[in-house]
Amino acid sequence: MKKLIGGIVLLSASSMAMATAPGGPDCGWGNMIFDGQSGIGPHFLASITNGTSGNATFGMTSGTNGCSVDGSLSYGGESMISSIMDEFSSDVARGHGEALNAVAVMMGVEATDRSAFSKVTHENFTTIFPHANVTAKEVITALNDVMKSDARLAKYSA
């Protein structure tokens, strides 16, 4: 189960990182070749062009190909939490578990603070999960609010 959750975290993180365009939104020959096009086909081909030729990596290190590393990468985490919502809510209710740990890792909580993360989320279960049909976006918002109100976890909240 740990491998499955770890795989989901890595897959979500890598797919979201690609969605936020490492190197900037105009980075790489793929973006140049398929400039102005939309849809899955052009995006897929642009991604393959950038990935197989390594020109985006070269562009980020050399500052060419429309690439820049000035911006910040972001990850909202909604997809990952959506995919493990049931297990995550169960772990928060118990105060421990793999899904809870995976979300802590996703939110950048250091290993030394993960027990505090587990305790605080457990104590605020009804705030984080106010009703049965709560969405991942609502959970993330509530989780960030709970973390902001805790002195030890505030540094990890968005």
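Biologist: Which handedness does the link of Cys27 and Cys67 have?
Modeller: The link is right-handed, with 85° about the S-S bond. Keep in mind that this is a predicted model, where local features need pLDDT of at least 70, side-chain atom pairs count only at pLDDT 80 or more, and totals for chains, interfaces and linings use all residues. Residues are numbered from 1 along each chain as its sequence is written, and side-chain values use heavy atoms, with hydrogens and water left out.

Biologist: How far apart are the sulfur atoms of Cys27 and Cys67?
Modeller: They are 2.0 Å apart. A disulfide here is a pair of cysteine sulfur atoms within 2.5 Å.

Biologist: And where do Cys27 and Cys67 sit in the chain?
Modeller: Cys27 is in the loop between α1 (2-19) and α2 (29-33), while Cys67 is in the loop between α4 (55-62) and α5 (78-83). The pair is 40 residues apart and links distant parts of the chain.

Biologist: How many disulfides in the whole structure?
Modeller: The search finds 1.

Biologist: Cys27 and Cys67, buried or exposed?
Modeller: Both are buried. Buried means under 20% relative accessible area, exposed over 50%, and partly exposed in between, using a 1.4 Å probe and protein chains only.

Biologist: Switching to Asn50. Where is it?
Modeller: Asn50 is in helix α3, residues 40-53. Helices are DSSP runs of H or I with at least four residues, strands are E runs of at least two, and both are numbered from the N terminus.

Biologist: Why does Asn50 count as buried?
Modeller: Because its relative accessibility is 14%.

Biologist: What is Asn50 in contact with, leaving aside neighbours within four places in sequence?
Modeller: Cys27, Gly28, Trp29, Gly30, Asn31, Asn55 and Ala56. Contact means heavy atoms within 4.5 Å. Cys27 in that list is also one of the two disulfide cysteines.

Biologist: What about Asp113, where does it lie?
Modeller: Asp113 lies in the loop between α7 (98-106) and α8 (114-123). Asp113 is buried, because its relative accessible area is 4%. Leaving aside neighbours within four places in sequence, Asp113 is in contact with Arg152, Leu153, Lys155 and Tyr156.

Biologist: Now the overall picture. How many helices and strands?
Modeller: The protein chain has 10 helices and 0 strands. Of its 158 residues, 35% count as buried.

Biologist: What share of contacts joins residues at least 24 apart?
Modeller: That share is 56%, among contacts between residues at least 6 apart in sequence.
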